[in-house]
Amino acid sequence: VIKEVADAPEDLQPRPPVVTIMGHVDHGKTSLLDAIRKTKVVSGEAGGITQHIGAYQVTTDSGATLSFLDTPGHAAFTSMRSRGAHVTDIVVLVVAADDAVMPQTVEAINHAKAAKVPMIVAINKIDKHEANPTKVRTDLLQHEVVVEQMSGDVQDVEVSAHTGKGLDELLEAIALQAEILELKANPNRAAQGAVIEAQLDVGRGPVATVLVQNGTLKQGDIFVVGEQYGKVRALINDKGERVKEAGPSVPVEVLGLNGTPEAGDVLNVTETEAQAREIAEYRANTAKEKRAAAGAA
Ligand code: GDP
């Protein structure tokens, strides 16, 4: 229902990479996401408090901007992919140095390979006495992940979410991988994005965290998102600040929806509210018919 208009090459500009952290349970995905966010929050910056909106951005020492999906785990990645939202440019595969490759590590490798998303290996918990990064690297070989230390082309970095060791190096590795990918988008067009998470907020009504993928989402924009529609009443960034607009790879909370969309739903800005409502209703009806048909079968 929504026509995809291809961008002319001259309209494309570099955009930050979107990074997802994957790996086995307890290998340190959450700790790493927290540690990265903390190291990069400039002390004294507006409140210095980051808000959890499902994604955040950091700037590396070399000046590169990176967007992290703040939802560790494979469920988010696969459910978004199954809904057609390709929101990850780079996967950081976390492997605990005191444990090595485990079933969910293998699952993550398979997800990244199936999605053709490049990987960077973060060998975490390097601060531990039992840490054995060489075992991690040899283990990975068995799964056809050949890291640089093994003369392969997958970057690997030893890190500790606890001490902060290697975090800057990891961020620079991501920035380098992003450069190779030459990620681009056209900020000067109607926005298109993907819902990272959404909920019904008691005070604010339906709220969705949207990762803008192309174009620029602006206050006042009319949009359709999955089976919902709305008009952007306010945009809030990952620092909890109100912003007027959000460009490619920027995560923002969107207020002004008529209902709560689902993670993985695609947001498109439309020209008129009638158009947005019509598309949303058409989708809702089609979904209802599908459910009825499935129920009748
Ligand atoms: P997740 O399940 O992959 O999200 O793992 P968590 O981030 O919850 O970490 C699992 C456990 O490992 C927690 O007890 C963390 O405190 C611990 N942990 C995470 N990173 C490190 C690290 O770099 N060093 C050490 N020593 N412990 C860590």
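Gln177 is buried, with a relative accessible area of 11%. The model described here is a predicted one. Gln177 belongs to helix H5, which covers residues 167-181. Apart from neighbours within four places in sequence, the residues in contact with Gln177 are Ile90, Pro118, Ile120 and Gln155.

## Helix H5 against helix H1

Two packed helices are described by the angle between their axes and the distance between the axes. Helix H5 also meets helix H1, made of residues 29-39, and the two axes come within 11 Å. The crossing angle is roughly 90 degrees. Since angles of 65 to 115 degrees count as roughly perpendicular, H1 and H5 are therefore roughly perpendicular to each other.

On the H1 side the contact involves Leu32, Ala35, Ile36 and Thr39. On the H5 side it involves Leu167, Leu170 and Leu171. Sorted by class, the residues of this contact are six nonpolar and one polar, with no charged residues.

## Helix H2 against helix H3

Helix H2 (residues 74-82) and helix H3 (residues 103-114) have axes that come within 11 Å and cross at roughly 25 degrees. An angle under 35 degrees counts as roughly parallel, so H2 and H3 are roughly parallel to each other. The crossing of H2 past H3 is left-handed.

H2 contributes His74, Phe77, Thr78 and Arg81 to the contact, while H3 contributes Gln104, Glu107, Ala108, His111 and Ala114. By class, these residues comprise three nonpolar, four polar and two charged.

A pair of aromatic rings is described by the distance of the centres and the angle of the planes. The count of aromatic pairs in this model comes to one. The pair is formed by Tyr56 and Phe68, whose ring centres are 5.6 Å apart and whose planes make an angle of 25 degrees, and it is stacked.

Tyr56 lies in strand E3 (residues 55-59) and Phe68 in strand E4 (residues 65-69), so the pair ties together parts that are 12 residues apart in sequence. Both residues are buried: Tyr56 has a relative accessible area of 2%, and Phe68 has a relative accessibility of 1%.

Val269 is part of strand E17, which spans residues 266-270. With a relative accessible area of 17%, Val269 is buried. Leaving out neighbours within four places in sequence, Val269 is in contact with Ala190, Ala191, Leu217, Asp221, Ile222 and Phe223. Val269 and Gly63 are separated by 206 residues in sequence, and their C-alpha atoms are 31 Å apart in space.

## Two loop residues with positive phi

Most residues other than glycine have a negative phi. Lys125 has a positive value, with phi near 65 degrees. Lys125 sits in the loop between strand E6 (119-124) and helix H4 (133-141). Its relative accessibility is 22%, so Lys125 counts as partly exposed.

Ser249 also has a positive phi, near 70 degrees, and is likewise a residue other than glycine. The loop that holds Ser249 runs between strand E15 (245-246) and strand E16 (251-257). Ser249 is buried, with a relative accessible area of 1%.

Definitions and conventions. Residues numbered from 1 in each chain as written. Predicted model: local features only at pLDDT ≥ 70, side-chain atom pairs only at ≥ 80, totals over all residues. Heavy atoms only, no water. Axes fitted to C-alpha atoms, helices over the stretch in contact; angles between N-to-C directions. Helix = DSSP H or I, 4+ residues; strand = E, 2+ residues; numbered from the N terminus. Parallel < 35°, antiparallel > 145°, perpendicular 65-115°, else oblique. Left-handed = near helix turned anticlockwise from the far one by under 90°. Contact = heavy atoms within 4.5 Å. Nonpolar A, V, L, I, M, F, W, Y, C, P; charged D, E, K, R; others polar. Buried < 20%, exposed > 50% of the residue type's maximum accessible area, 1.4 Å probe, protein only. Phe/Tyr/Trp six-rings, centres within 6.5 Å; stacked < 30°, edge-to-face > 60°.
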